[in-house]
Amino acid sequence: MKVAIFGQYYQNDTRPIIKDIFVFFNRNHVEMVIEENFLKILYEEKIVEKQYKTFSSHTDLDNSFAIVISIGGDGTILRAATYVRDSGIPILGVNAGRLGFLAKVQKESIESFLQIVLEKKYSITERTLLSMECSPTLAQMSVDFAMNEVAVSRKDTTSMITIETFLNGEYLNSYWADGLIIATPTGSTGYSLSCGGPILTPDVKGLVITPIAPHNLNARPLVIPDDTEITLKVSGREEQYLVSLDSRITSVNNNSVLKIKKTPFRINMVEIPEETFFKTLRNKLLWGEDKRN
């Protein structure tokens with residue numbers, strides 16, 4: 001078996017997790033290829049000493065890899081997805097941060113879950129992605145897709161922006177707000193949720209449009225089919241506004257036109273039987289903890 005490993009290093013909290021993963025895979029003669037910058041940190045921190053092959057681009061990952069192991073939190077998985085892209089290689093998240101919705105494997109049970117991976121006793125869920133086109137073109141955006149959400153927001157001002165929104169060419173609304181979020185089912189438990197959006201299960205074929213602090217209080221979150229093409233035109237007092245694709249942010253000139261739609265490919269996420277979406281939901285949101293129930 002050949003695996004790719006991508007991760008973030010959080011000093012002492014991450015050290016035992018990384019060591020457990022490397023010890024397990026070396027003991028089971030699994031070939032590991034490590035993301036270049038991550039391996040550099042591991043050498044500097046003297047966490048590993050053995051020489052490993054590296055990858056530094058999505059072009060380095062092909063169908064010879066069985067899985068990508070992401071060590072960190074949900075944000076690390078979003079960055080790992082930029083390496084996987086349309087290759088179809090599944091991603092397994094090992095949680096080295098706070099409780100998240102994507103990084104399912106907890107540090108207390110790493111070995112047992114990696115054994116499941118070794119025996120291929122896991123299932124796969126396909127996660128919808130969003131692509132974005134901007135007119136005029138944004139030369140500085142090297143990755144034009146998002147796994148969680150595409151969001152527009154105000155820049156260098158306390159004034160609200162106006163976001164004219166069209167669905168498949170039909171006018172929907174002009175949101176007068178701090179911004180607007182277009183979220184996938186995966187992203188519905190992130191930024192959109194914190195702004196009052198609904199939770200979608202990963203298999204729902206829908207997207208969520210969630211305004212950020214709207215001035216028109218009758219503007220509510222809206223769930224739409226995931227095959228809808230969304231067009232946004234933003235205007236405001238400043239010359240530019242911000243557009244973010246997950247953690248990647250750029251500035252866009254007023255009156256530029258954004259077209260957002262589902263990508264033709266999806267990201268495959270590894271699902272461990274003991275760590276279901278609903279179990280994570282209960283743990284994260286403390287559902288069932290009210291003793292009056």
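**Figure 1. The largest pocket of the predicted model.** A pocket is here an open set of points on a 1 Å grid over the protein atoms alone, where a 1.4 Å probe fits, with protein on both sides within 12 Å along at least five of seven lines. Grid points are joined across faces, edges and corners, and the volume is the space filled by probe spheres set on the points. The lining, meaning residues with an atom within 4 Å of a point, comprises 26 residues, and Asp74, Gly75, Gly100, Phe101 and Lys284 lie nearest the pocket centre. Helix H3 (74-84) and helix H6 (277-285) are the elements that give two or more residues to this lining; H3 gives the most, with four residues. Helices are DSSP runs of H or I with at least four residues, strands are runs of E with at least two, and both are numbered from the N terminus. By class, the lining has nine nonpolar, eleven polar and six charged residues. Ala, Val, Leu, Ile, Met, Phe, Trp, Tyr, Cys and Pro count as nonpolar, Asp, Glu, Lys and Arg as charged, and the others, Gly among them, as polar.

As a predicted model, the structure is described with local features at pLDDT of at least 70 and side-chain atom pairs at pLDDT 80 or more, whereas totals for chains, interfaces and linings use all residues. Residues are numbered from 1 along each chain as its sequence is written, and side-chain values use heavy atoms, with hydrogens and water left out.

**Figure 2. The second largest pocket.** The volume of this pocket is about 160 Å³. Its lining consists of Thr125, Glu126, Thr201, Pro202, Asp203, Val204, Lys205, Arg266, Phe277 and Phe278. Strand S6 (123-127) and H6 each supply at least two of the lining residues. The lining divides into four nonpolar, two polar and four charged residues.

**Figure 3. The open six-stranded sheet S8-S7-S18-S15-S10-S11.** The strands of this sheet pair in the antiparallel sense, where pairing requires at least two DSSP bridges between two strands. Strand S8 (145-146) and strand S11 (170-177) stand at the edges with a single partner strand each, so one side of each has no neighbour in the sheet. S8 pairs with strand S7 (residues 130-135) over two bridges, and Leu130 stands opposite Ala146 in S8. Strand S10 (residues 161-167) is joined to strand S15 (residues 230-235) by six bridges; here Ile163 faces Val234 in S15. Four bridges connect S15 to strand S18 (residues 257-262), with Val257 of S18 as the bridge partner of Lys233.

**Figure 4. The open six-stranded sheet S14-S13-S12-S9-S16-S17.** The pairing in this sheet is antiparallel. Its edges are strand S14 (222-225) and strand S17 (248-253), each with a single partner strand, so one side of each is left without a neighbour in the sheet. Neighbouring strands of this sheet are turned by 20 degrees against each other on average, direction ignored; strand axes are lines fitted to C-alpha atoms, and angles run from 0 to 180 degrees between N-to-C directions. Strand S12 (residues 179-183) and strand S13 (residues 206-212) are joined by five bridges, and Leu180 stands opposite Pro211 in S13.
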